[in-house]
Amino acid sequence: MTHSAATAVPAVSMRGIVKSFGTVEVLKSVDMEIMRGEVHALAGENGAGKSTLMKILQGVHPVTSGEIYVDGERVQISDPHDAERAGIGMVFQEFSLIPSLTVAQNVFLNQEPMNRLGLINDREAERAAARIFADMGVSVDPRSPLEKLGTAYWQLVEIAKALAKNATVLVMDEPTASLAKHEVDNLFELIRRLKDRGIAIVYISHRMDEIRKIADTI
């Protein structure tokens, strides 16, 4: 480890995280640090608590006790809007997209650009989505109806949606579960590009061959 890496402030630091559902304690004083420009693999068997820990970071589950810091500042994450404001995005296994809308409409869902009359500006959304996909280094037509695209494209749209909200920490929950091998290779190339931009990636998986290939930290 270099001196700069050793002294860098983590993008996210989770300290003493406890989560109970009723009388059942599912997370017991968990510590985790996530650095910028790193792929941090969160590994474990099904039911180990990987997704629960990240859903706390995303504001889906309230934390029972513990502290969360973003760039060294303590934050209170009570709901997904708090996480969004802190620059934390998550790509869930279950996509949160609307098939009947276009790619661009999904990328900017609930944060649509408006024109001077206060109406949704679909053309600006398409231009902005095209810029995001270009920055990601992938080719996706922003005007295409989502329902006409395959699963790999849905995942790219989810990632673009998080980046459109200025996410600097991106959590991917079992991102290869429904991808073919060549699609996994393409996803890994995208992850490397995002990492090079200084984005912190949390990669949730129980597939050790993938983790050894893509992760900097486990």
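Author: Two strands are taken to pair if DSSP finds at least two bridges between them. Please keep in mind that this is a predicted model.

Reader: Fine. In strand 7, what is the bridge partner of Gly89?

Author: The partner of Gly89 is Leu170 in strand 7. Strand 6 and strand 7, the latter covering residues 169-173, pair in the parallel sense over 4 bridges.

Reader: And what is the strand order in the open sheet with parallel pairing?

Author: The order is 3-8-7-6, in an open sheet of 4 strands with parallel pairing. Strand 3 (39-43) and strand 6 (88-91) are the edge strands, each pairing on one side only. Neighbouring strands of this sheet are turned by 20° against each other on average, direction ignored.

Reader: Which strands does helix 2 lie across there?

Author: Helix 2, residues 50-57, lies across strand 3, strand 6, strand 7 and strand 8 (200-205), and runs at about 150° to strand 8. Helix 7, residues 181-196, also packs on the sheet and touches strand 3, strand 7 and strand 8. The direction of helix 7 makes about 150° with that of strand 8.

Reader: Over how many bridges do strand 1 and strand 2 pair?

Author: Strand 1 (residues 12-21) pairs with strand 2 over 7 bridges, in the antiparallel sense. Within that pairing, Lys19 has Leu27 in strand 2 as its bridge partner.

Reader: You mentioned Lys19. Over which ring does its charged end sit?

Author: The charged end of Lys19 sits over the ring of Phe21, 4.8 Å from the ring centre.

Reader: Changing topic: how many aromatic pairs does a search of the whole structure find?

Author: The search finds 2 aromatic pairs. One of them joins Phe95 and Trp154, whose ring centres are 6.0 Å apart. Their planes stand at 50°, so this pair is tilted. Phe95 is in the loop between strand 6 and helix 4 (103-107), while Trp154 is in helix 6 (residues 151-164), and the two are 59 residues apart.

Reader: Is Trp154 buried or exposed?

Author: Trp154 counts as buried, because its relative accessibility is 16% and the limit for buried is under 20%. Phe95, with a relative accessible area of 27%, is partly exposed.

Reader: What about Phe188 and Tyr203: what kind of aromatic pair do they form?

Author: Phe188 and Tyr203 form an edge-to-face pair, 6.1 Å centre to centre with 65° between the planes. Phe188 lies in helix 7 and Tyr203 in strand 8, so the pair ties together parts that are 15 residues apart in sequence.

Reader: And are those residues buried or exposed?

Author: Phe188 is buried, with a relative accessible area of 2%. Tyr203 also counts as buried, at 0% relative accessibility.

Definitions and conventions:
Residues numbered from 1 in each chain as written. Predicted model: local features only at pLDDT ≥ 70, side-chain atom pairs only at ≥ 80, totals over all residues. Heavy atoms only, no water. Axes fitted to C-alpha atoms, helices over the stretch in contact; angles between N-to-C directions. Contact = heavy atoms within 4.5 Å. Phe/Tyr/Trp six-rings, centres within 6.5 Å; stacked < 30°, edge-to-face > 60°. Buried < 20%, exposed > 50% of the residue type's maximum accessible area, 1.4 Å probe, protein only. Lys NZ or Arg CZ within 6 Å of the ring centre and 35° of its normal.
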